[in-house]
Amino acid sequence: MVGWRSTAEGRHLKGRRKADTGPEIMLRRALHALGARFRLHRHIARGCTPDLVLPGRRIAVFVDGDYWHSCPAHGRRTPFVGPNAQLWTEKMRHNRERDARSTRLAEQAGWQVVRVWECRIRQDAVNAAKATLEGRTLGPADWPPPGQPSATDLPP
Ligand SMILES: [Zn+2]
């Protein structure tokens, strides 16, 4: 196993935050504006801490960044290259597996799971919040059009 090597891409990604990201805050604000009561980062099962939960509705919400969670419309579409390519590929696969496991654990604990794509929130946070309150998981946003790479092209 080869260790991580410093690359331009790695440095670029290093600044990205995993918790309290822009989309999470946007969704929280929209939920709050709709009068929803929620709790952040509550541990609801062993190995399962959703980004927020709506205890009254027993809905567990995961906000999925387009890049890290491989959005089908806006996630990375080309194979990784460079000295860390294999490690990146494994890391992304690991993220997807962890997402699936978290969903399963929450459901087993009796929670309805809603996963919200970053692009949905950036496109229309209020609409994303309404769907969340109804327990609906929406697909990726249709903007920007599929094929245009990455969340970094979305409006701030
Ligand atoms: Zn997306």
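The structure is a predicted model, in which local features need pLDDT of at least 70, side-chain atom pairs count only at pLDDT 80 or more, and totals for chains, interfaces and linings use all residues. Residues are numbered from 1 along each chain as its sequence is written.

**The overall pattern**

The chain holds five helices and four strands; here helices (H or I, at least four residues) and strands (E, at least two) are DSSP runs, numbered from the N terminus. Their order along the sequence is α-α-β-β-β-α-β-α-α.

**The sheet**

The four strands form an open sheet with mixed pairing, in the order β1-β2-β3-β4. Two strands count as paired if DSSP finds at least two bridges between them. Because β1 (39-40) and β4 (112-117) each have a single partner strand, they stand at the edges, and one side of each is left without a neighbour in the sheet.

Two of the pairings look like this:

| Pair | Bridges | Direction |
|---|---|---|
| β1 and β2 (residues 52-54) | two bridges | antiparallel |
| β3 (residues 59-64) and β4 | six bridges | parallel |

Alanine 60 has valine 113 in β4 as its bridge partner. From β3 the chain passes through α3 to β4, making a right-handed β-α-β crossover. Right-handed means that, with the strands pointing away from the viewer, the path from the first strand over the helix to the second runs clockwise.

**The connecting helix**

Helix α3 (residues 85-108) has 24 residues and reaches 35 Å from its first C-alpha to its last, close to the expected 34 Å. That expected span is 1.5 Å times one less than the number of residues. After α3 comes glycine 110, with a positive phi near 90°.

**The core**

How much of the chain is buried? Of its 156 residues, 27% count as buried, meaning that 20 or more other C-beta atoms, placed from the backbone, lie within 10 Å of the residue's own. The largest nonpolar core has 25 residues, and Leu27, Val53, Ile59, Val61, Val116 and Ala128 have the most contacts inside it. Such a core is a set of buried Ala, Val, Leu, Ile, Met, Phe, Trp, Tyr and Cys residues joined through C-beta atoms within 7 Å. Strand β3 gives the largest share of this core, five residues.

Note on methods. A residue is buried if 20 or more other C-beta atoms lie within 10 Å of its own, exposed if 12 or fewer, and partly exposed in between; C-beta atoms are placed from the backbone.
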